[in-house]
Amino acid sequence: AHLTLVFSEKLGKAIRAKTHSYSAKTDAQGRGRFVFIPEGTVQLMVTNEGYQAFGREFEVSKDHATLEVKLKPPQPLL
């Protein structure tokens, strides 16, 4: 599966923020890893051919957070 992680970094005391996006692929067991994710709100998107895409926001509040995602098979066309 292909993983995309998006988060915003606040720039100083200003209201402005810089958006970061990291991509990764899962291993043979379906596990992916991002080395550094700052605390706060992140958006995780997961795609894999033959499955429904997954996207959701998560609150990361500690180091070594683990997010588990299970992809669903595609919906049949009507």
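Strand 1 and strand 3 are paired in the antiparallel sense over six bridges, where strands are DSSP runs of E of at least two residues, numbered from the N terminus, and two strands pair if DSSP finds at least two bridges between them. The model is a predicted one, in which local features need pLDDT of at least 70 and side-chain atom pairs count only at pLDDT 80 or more, while totals for chains, interfaces and linings use all residues. Residues are numbered from 1 along each chain as its sequence is written, and side-chain values use heavy atoms, with hydrogens and water left out.

Strand 3 is in turn joined to strand 4 by seven bridges, the two strands running antiparallel, and Val46 has its bridge partner in strand 4 at Phe54. The hairpin of strand 3 and strand 4 has six residues between the strands, and in this hairpin Gly50 takes a positive phi near 90°.

Taken together, the four strands form an open sheet with the order 2-1-3-4 and antiparallel pairing. Strand 2 (17-25) and strand 4 (54-60) stand at the edges of the sheet with a single partner strand each, and therefore one side of each is left without a neighbour in the sheet. From one strand to the next the twist averages 20°, the axes being lines fitted to C-alpha atoms and the angles running from 0 to 180 degrees between N-to-C directions.

Individual positions were then examined for accessibility and for contacts, with a residue classed as buried under 20% relative accessible area, exposed over 50% and partly exposed in between (1.4 Å probe, protein chains only), and with contact taken as heavy atoms within 4.5 Å. Thr4, which lies in strand 1, is buried, with a relative accessible area of 15%. When its neighbours within four places in sequence are left aside, Thr4 is in contact with Ser21, Tyr22, Ser23, Gln43, Leu44 and Met45.

Gln43, found in strand 3, is partly exposed, its relative accessible area being 33%. Apart from neighbours within four places in sequence, Gln43 is in contact with Thr4, Leu5, Val6, Arg56 and Glu57. The C-alpha atoms of Gln43 and Glu59 are separated by 8.9 Å, the two residues being 16 residues apart along the chain.

Thr47 also has its place in strand 3 and is partly exposed, with a relative accessible area of 37%. Not counting residues up to four places away in sequence, Thr47 touches Ala1, His2 and Ala53. Between Thr47 and Thr66, which are 19 residues apart along the chain, the C-alpha separation is 18 Å. Ser61, placed in the segment after strand 4, is exposed, with a relative accessible area of 59%; its C-alpha atom is separated by 17 Å from that of Arg33, 28 residues away along the chain.

The space left between the atoms was also examined. About 840 Å³ lies in the largest pocket, a pocket being an open set of points, on a 1 Å grid over the protein atoms alone, where a 1.4 Å probe fits, with protein on both sides within 12 Å along at least five of seven lines. Grid points are joined across faces, edges and corners, and the volume is the space filled by probe spheres set on the points. The largest pocket is lined by 26 residues, among which Gly32, Arg33, Ala65, Thr66 and Leu67 lie nearest its centre, lining residues being those with an atom within 4 Å of a point. Strand 1 (2-10) and strand 3 (40-47) are the elements that give two or more residues to this lining. By class, the lining of the largest pocket has 14 nonpolar, six polar and six charged residues, where Ala, Val, Leu, Ile, Met, Phe, Trp, Tyr, Cys and Pro count as nonpolar, Asp, Glu, Lys and Arg as charged, and the others, Gly among them, as polar.
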